[in-house]
Amino acid sequence: MNYTDKLLIEKFGISPRVLNLVNRAEEEIADSYQTLDDIMAYNQYKVLSALQNHRIADMHFAWNTGYGYDDPGREAVEKVYAEIFGTEAALVRPTIVNGTHALAITLMGILRPGDELIYCSGGPYDTLEEVIGIRGEGMGSLKEYGVTYKQVDLLPDGSIDLETLGKTISDKTKMVSIQRATGYSWRNSITVNQIAEVADFVHGINSDIVCMADNCYGEFLDVKEPTNVGIDVIAGSLIKNPGGGLALTGGYVCGRRDLIDKISYRMTCPGIGAECGLTFGQTRAILQGLFMAPKVVNGAVKGAMLCAKAYEMLGFEIRPGVSDSRSDIIQSVKLGSPEAVVAFCEGIQAAAPIDAHVTPVPWAMPGYESDVVMAAGAFVQGSSIELSADAPIREPYIVYFQGGLTYEHSKFGVIKSIQQLYKKGLLDI
């Protein structure tokens, strides 16, 4: 027995059976990690190049007051993001509160009354349903402002239904959107190659249609981003992949300059746009987190693969499969019962560095249709790049595992989730 296994048994009470299972799973997929390491190195040097090209210096870490006019740090951060994502312009702000907010200002900044929005990757993430107007009334949704919505579901094999999308696009279609990550659905994430096919297809029908990608959970999973393959604008959260666990809050939007200008008028107000807005001293954390992000994401993806392999060995259905291409950091496991979902999340919470003593329980989380149980003992509240797991309490009772600032911590989350299920008699080893 090695030092680490001995410590896990003595300090954390982990069953040797659980350790043996996870270690065997790790051995079986170790060769697959090499490709992930190459992607990580590529993105690490890409980020480094952007930081150097824009001559980032200590003076960029200071911050202005009041309106925030001519903030050199803010302007430098947005130039760095634009280069990394291959776009003309970017908005990177701590005042964008989360990924949903970043996506909402993107939709509301571009779409106008009478326009049509199409989601071609099935339904949007739960929290966007009220933004679009699929549910909820009286809160100023796109629907209330005269924007219509259509949805094209994925084909049974998880690919984009281009034939149906072509028939759905109309003269009113202003935007076609893709959600890269799985969300609370039972499907694989949409790969960059699939996203490229959609962008080419849509622009071939009408070059004026804006192609937008929800890039949450997908940054640095590939050597290319959606905006490198024809997508006009992307949006995401700084407390997911690109913040590297160090950004305290915020979101980003990258894309064509004319689109970013329109979005900036929704972010602040018409006539002001991107010219104002304090960074509140967050520039250092945002850039340092970005620098660390490729390595952090690499550990999270490895942890997701390990989770997939271990639970596959235990006989559970998983998405994506162990050998499937990955375009987000999320691993879905179909556990089959609310008790198993809650136990899984209890194990993840118990593995956390913060609030490990807390027991997660399902609750009516704002923006979600079903009660949600969420395990997230993070240094940054709600940070999904840190080890976390969540699940809507609805059939077929799927839990979504993601994150880990280090691979070792992500692995420990897998160990503790299995340990908790084993302890409660919800699985056999």
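In which loop does Pro-320 lie?

1. Pro-320 lies in the loop between β8 (317-319) and β9 (331-334); helices (H or I, at least four residues) and strands (E, at least two) are DSSP runs, numbered from the N terminus. The peptide bond that joins Arg-319 and Pro-320 is cis, with omega about -5°.

2. Some remarks on provenance apply throughout. This is a predicted model, in which local features need pLDDT of at least 70 and side-chain atom pairs count only at pLDDT 80 or more, while totals for chains, interfaces and linings use all residues. Residues are numbered from 1 along each chain as its sequence is written, and side-chain values use heavy atoms, with hydrogens and water left out.

3. A cis peptide bond also runs from Glu-395 to Pro-396, with omega near 5°. Pro-396 is placed in the loop between β11 and β12. As a further backbone feature, Asp-70, a residue other than glycine, has a positive phi, near 55°. Asp-70 belongs to the loop between α3 and α4 (72-84).

4. The chain is assigned domain 1 (3-42 + 291-424) and domain 2 (61-290), with bounds that come from an automatic or database domain assignment. Their C-alpha centres are 27 Å apart. In the interface, 42 residues of domain 1 are in contact with 39 residues of domain 2, where contact means heavy atoms within 4.5 Å.

5. The largest pocket has a volume of about 690 Å³. Of the 34 residues that line this pocket, Tyr-125, Tyr-217, Lys-240, Tyr-368 and Ser-384 are the closest to its centre. On a 1 Å grid over the protein atoms alone, a pocket is an open set of points with protein on both sides within 12 Å along at least five of seven lines, whereas a cavity is a set where a 1.4 Å probe fits but cannot get out; lining residues have an atom within 4 Å of a point. Grid points are joined across faces, edges and corners, and a volume is the space filled by probe spheres set on the points.

6. By class, the lining of the largest pocket divides into 17 nonpolar, 14 polar and three charged residues; Ala, Val, Leu, Ile, Met, Phe, Trp, Tyr, Cys and Pro count as nonpolar, Asp, Glu, Lys and Arg as charged, and the others, Gly among them, as polar.

7. There is one cavity of 30 Å³ or more, and the largest cavity has a volume of about 60 Å³. Its lining includes Leu-36, Phe-220, Pro-294 and Asn-298. Both α3 (33-53) and α10 (283-313) supply at least two lining residues, and α10 gives the most, with four. The lining of the largest cavity has eight nonpolar, one polar and no charged residues.

8. Helix α1 (residues 3-12) and helix α2 (residues 16-29) have axes that come within 10 Å and cross at roughly 145°; axes are lines fitted to C-alpha atoms, for helices over the stretch in contact, and angles run from 0 to 180 degrees between N-to-C directions. Asp-5, Leu-8 and Ile-9 of α1 meet Pro-16, Leu-19 and Asn-23 of α2. The residues of this contact comprise four nonpolar, one polar and one charged.
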